[in-house]
Amino acid sequence: MNEKIDYSKKTNWYQIPEITKDVDTFYIYATEYIISSFEEGAPDYATIDNPEMLLGVKVECRDHACAFGDSTNVFLPYYRQCGLRYAGEINKKTGNIDAALLGMPFDDITAALDYYFENCNGGRPFIIAGHSQGSAMILLLLRTYFKEHPDYYARMVAAYTIGYSVTKDYLKANPHLKFATGESDTGVIIAWNTEGPKNVETNANNIVVLPGTMSINPLNWKIDETYAPASLNMGSIVLDENTGEPKIGDIGADAQISLARGTVITNAKDTPMPEDVAKVAAEFFGPDGRHAYDYMYYYNNIKDNVAKRVAAYKAK
């Protein structure tokens, strides 16, 4: 039964921040119900207290959502997301994962947004951001929820839909939406999908790369094939070899858009994954998919970009 989640309860949020900034971020997390979604009899959707999801959200907040924390107050609700197995099944049937998001996940996030705007936002400008399934959800919200709430949409600094596809067909069907063309335009969608060279060489299938997708380069903020060397990278999140804790480091994360694939190609040093995770990742994102690192490779550049877009919005 699809019981409504009560977002007035703090237990249904990973984070409701203390208000210290005059801009907010509403962050929607990626698919964290992954390995256990393939177990026999596993449900299509995670419960709100699914252990794998809760652990994943904690790590994602640290490695992704915290990039917005210097410039904004970051709000992060829990929601009953679809598992990776089910997302893959729906994608094979329909060509995208929208049908897997409709229903419980969409209902949860719109309820969280309603609560946020009515009780937490206080009329402040906001960023909406996510990764992967979270970004697919934002693209769904931009053409539904925010179209129905133009007063909210008018205060949107930007939408960071990193790790999912913003296609030319999507923009054509939603002319009120614009893709970013530089480092400081506002009211726009910022997106990219990161891959390694082998995905290009093999023309690999990648579940998050849809036909006609677009990317902006997270190092030079251009939408053409101008190469951005790793010297432009302000710092990537890497795991300390001794402690296993995250730190800022240099792994050679350069960036160049492939217009043919619509993705950002990098020669960054690849990070070994546990065998079971690597097998699933290759099946869904290709032999050289760098989906898990869309934020981590370019972490400090994202932080810097958020500050620039917030400043540009305030200056208007």
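Where is the place of Val277? Hi everyone, let's start there. Val277 sits in helix α10, which covers residues 275-285. Keep in mind that this is a predicted model. With a relative accessible area of 32%, Val277 is partly exposed, because that value falls between the 20% and 50% cut-offs.

Six of its six residues are buried, so β4 is largely enclosed by the rest of the structure. Look at how the side chains are arranged. Phe126, Ile128 and Gly130 point one way, while Ile127, Ala129 and His131 point the other way.

Which strands pair with β4? One is β2, residues 24-28, which runs parallel to β4 over five bridges. The other is β5, residues 156-162, also parallel, over six bridges.

β8 pairs with β13, residues 263-265, in the parallel sense over two bridges, and Thr194 stands opposite Val264 in β13.

On to charges. How many salt bridges does a search of the whole structure find? The count is 13. Let me pick out a few.

Asp44 and Arg85 form one, with their closest N and O atoms 2.7 Å apart. This pair links distant parts of the chain, 41 residues apart: Asp44 lies in the loop between β2 and α1, and Arg85 in helix α2. Asp44 is partly exposed at 30% relative accessibility, whereas Arg85 is buried at 18%. Glu89 joins these two in a network of salt bridges.

Asp185 and Arg309 meet in another salt bridge, at 2.7 Å from N to O. Here the separation is 124 residues, from the loop between α8 and β7 to helix α11. Arg309 is buried, with a relative accessible area of 0%.

Last, the side chains of Asp288 and Arg290 form a salt bridge at 2.9 Å, N to O, and both residues are buried. Thanks, everyone!

Terms used
Residues numbered from 1 in each chain as written. Predicted model: local features only at pLDDT ≥ 70, side-chain atom pairs only at ≥ 80, totals over all residues. Heavy atoms only, no water. Helix = DSSP H or I, 4+ residues; strand = E, 2+ residues; numbered from the N terminus. Buried < 20%, exposed > 50% of the residue type's maximum accessible area, 1.4 Å probe, protein only. Pairing = 2+ DSSP bridges. Salt bridge = Lys/Arg side-chain N within 4 Å of Asp/Glu carboxyl O.
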